[in-house]
Amino acid sequence: MNAGGRACRNENIYALYKGEENIMDGTLDEIARARHIKRNTVRHMLTAAYHRRVNEPSKDGKRRCRLELILIERRHHED
């Protein structure tokens, strides 16, 4: 909420990477729609738990396919 008590909508711009390749840039909603996944799944990519999981090797010793979400521009839109 902002100082006036109204909710602020997160309109931050993120870059989605697979390794060194930039897959796309956009808001959480735009990335979710383009990748056909839920917004909460995209938000989960920002958590420490996600980063721990993708950085540990899989059971067969291979590195997991890693998608990484990086904040590139902070924006807030008041509803």
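Predicted model: local features only at pLDDT ≥ 70, side-chain atom pairs only at ≥ 80, totals over all residues.
User: Where is Y14 found?

Analyst: Y14 is found in strand β2, which spans residues 13-18.

User: Is Y14 buried or exposed?

Analyst: Y14 is buried, because its relative accessibility is 4% and the cut-off for burial is under 20%.

User: What does Y14 touch, sequence neighbours aside?

Analyst: Not counting residues up to four places away in sequence, Y14 touches M24, D25, G26, L28, I31, L46, L69, I70, L71 and I72. For L69, the separation from Y14 is 55 residues in sequence and 6.3 Å in space, C-alpha to C-alpha.

User: Which side chain has a polar contact with that of Y14?

Analyst: The side chain of N12 does, at 3.4 Å.

User: On to the strands. How do β2 and β3 pair?

Analyst: They are antiparallel, with five bridges between β2 and strand β3 (residues 21-26).

User: What follows β3?

Analyst: A loop lies between β3 and α1 (28-35), and T27 is located in this loop. T27 has a relative accessible area of 8% and is therefore buried. Leaving aside neighbours within four places in sequence, T27 is in contact with E11, N12 and I13.

User: Now the core. Which residues make up the largest nonpolar one?

Analyst: It has twelve residues: Y14, L16, M24, L28, I31, A32, V42, M45, Y50, V54, L67 and L69. At least two residues of this core come from each of β2, α1, α3 (48-55) and β4 (67-73). The largest share, three residues, is supplied by α1.

User: Take I31 from that list. What does I31 touch?

Analyst: Residues up to four places away in sequence are again not counted; I31 then touches Y14, L16, M24, G26, V42 and L69.

User: Which residues of α1 are buried?

Analyst: L28, D29, I31 and A32 are buried in α1. They lie on the same side of α1, because they cover an arc of only 165° around the axis.

User: Last one: which residue takes a positive phi just after α1?

Analyst: That residue is H36, with a positive phi of about 60°.

Methods: Residues numbered from 1 in each chain as written. Heavy atoms only, no water. Helix = DSSP H or I, 4+ residues; strand = E, 2+ residues; numbered from the N terminus. Buried < 20%, exposed > 50% of the residue type's maximum accessible area, 1.4 Å probe, protein only. Contact = heavy atoms within 4.5 Å. Polar contact = N/O pair within 3.5 Å; in protein donor to acceptor, adjacent residues only side chain to side chain. Pairing = 2+ DSSP bridges. Core = buried A, V, L, I, M, F, W, Y, C linked by side-chain atoms within 4.5 Å. Arc of directions from axis to C-beta.
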